[in-house]
Amino acid sequence: MLELRGVNAGYGKHQVLFDVTMNLKKSGITVIIGPNGAGKTTLFRTIMGLTNIYSGLILFNDYNIVNLKPNRIVKLGISYVPQRGSFFENLTVRENLLLGGYILKEEERHSIMKEVLELFPVLARKDYINRKASRLSGGERKMLAIAMGLMKKPRLLLLDEPTEGLMPKLTIEVYKKIREIHEEMGTQIVMTAEKAQLSLEIGDEAFLLVSGQIKDHRTTQEMLNDPNLREKYFGVYG
């Protein structure tokens, strides 16, 4: 579904990604792990057309999306949920969700919102659906941001550090929800991970990104069983 071939990218003259080549499977959850500053967020921003791409190809369903505007990439079926979330504090949960589906027709937005809220029953409650986003807890905000990403009916969902700053109990809850989204909606998911071990436990394949370069690519189980990786990276992330 998504393939990167020899991608070099960054911001202006500051290169962050170096010859990144990845071929993501059409099904499953892919996890991108690596230390802080490895370029994980830049990788997602590059896919979404938000950086300078110096060379290389990015193919989505065999269609080259390099040089496309972000809005066009979203319409092709890729939805991106940034690390800090992307919602409006002064709008209600319902209003945020409807805005999340801005690329859809009005009647379709209400239909997909009903489907999305079935995955997030807490947000669907009467006392929550009309609550302003500013009054949500940290875990609820994360779920709202993911729900807004799903409102675009994406074939591919990019989640950047979806559990950053959450307590362990909430982290596990969000990861379970991510697995549920994949299994019930059939959405392909690629996520970066602050807590490597927990994310690998719900994923299917994983890439290790270090200093803007892909250093490893294996199944998540193989990475979990590698004592060298555990010592180098898992202690940092959880």
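**Exercise 1. Describe how H3 packs against H4.**

Solution.
Step 1: take the geometry. In this predicted model, H3 and helix H4 (residues 106-119) pack at about 120°, with axes 10 Å apart. Axes are lines fitted to C-alpha atoms, for helices over the stretch in contact, and angles run from 0 to 180 degrees between N-to-C directions. Helices (H or I, at least four residues) and strands (E, at least two) are DSSP runs, numbered from the N terminus.

Step 2: classify the angle. H3 and H4 are therefore oblique to each other. The classes are these: under 35 degrees is roughly parallel, over 145 roughly antiparallel, 65 to 115 roughly perpendicular, and the rest oblique.

Step 3: assign the hand. H3 and H4 cross in a right-handed way. A crossing is left-handed if the near helix is turned anticlockwise from the far one by less than a right angle, and right-handed if clockwise.

Step 4: list the contact (heavy atoms within 4.5 Å). Arg94, Leu97 and Leu98 of H3 meet Arg109, His110, Met113 and Leu117 of H4. By class, this contact of H3 with H4 holds 4 nonpolar, 1 polar and 2 charged residues. Ala, Val, Leu, Ile, Met, Phe, Trp, Tyr, Cys and Pro count as nonpolar, Asp, Glu, Lys and Arg as charged, and the others, Gly among them, as polar.

Before going on, note the conventions. Residues are numbered from 1 along each chain as its sequence is written. Local features need pLDDT of at least 70, side-chain atom pairs count only at pLDDT 80 or more, totals for chains, interfaces and linings use all residues, and side-chain values use heavy atoms, with hydrogens and water left out.

**Exercise 2. Find the angle, hand and contact residues of H4 and H8.**

Solution.
Step 1: the axes of H4 and H8 come within 10 Å and cross at roughly 135°. H4 and H8 are therefore oblique to each other.

Step 2: their crossing is right-handed. H4 brings Ile112, Glu115 and Leu119 to the contact, and H8 brings Lys177, Glu180, Ile181, Glu184 and Met185.

Step 3: sort the residues. The contact of H4 with H8 has 4 nonpolar, no polar and 4 charged residues.

**Exercise 3. Work out how H7 and H8 are set against each other.**

Solution.
Step 1: helix H7 (residues 138-150) and helix H8 (residues 168-185) pack at about 20°, and their axes are 10 Å apart. H7 and H8 are therefore roughly parallel to each other.

Step 2: H7 and H8 cross with a right-handed sense. From H7 come Gly139, Met143, Ile146 and Leu150; from H8 come Leu170, Glu173, Val174, Ile178, Ile181 and Met185. The contact of H7 with H8 counts 8 nonpolar, 1 polar and 1 charged residues.

**Exercise 4. Characterise the largest pocket and the second largest pocket.**

Solution.
Step 1: define the search. On a 1 Å grid over the protein atoms alone, a cavity is a set of points where a 1.4 Å probe fits but cannot get out, and a pocket is an open set with protein on both sides within 12 Å along at least five of seven lines; lining residues have an atom within 4 Å of a point. Grid points are joined across faces, edges and corners, and a volume is the space filled by probe spheres set on the points.

Step 2: the largest pocket has a volume of about 340 Å³. Of its 19 lining residues, Tyr80, Pro82, Ser86, Tyr102 and Lys152 are the closest to its centre. Helix H2 (70-76), strand E6 (78-81), helix H3 (93-100) and H7 each supply at least two residues of this lining. The lining of the largest pocket splits into 13 nonpolar, 5 polar and 1 charged.

Step 3: the second largest pocket holds about 160 Å³. It has 14 lining residues, and Gln83, Arg84, Gly85, Arg141 and Lys142 lie nearest its centre. H7 gives the most to this lining, with 5 residues. The classes in the second largest pocket are 6 nonpolar, 3 polar and 5 charged.
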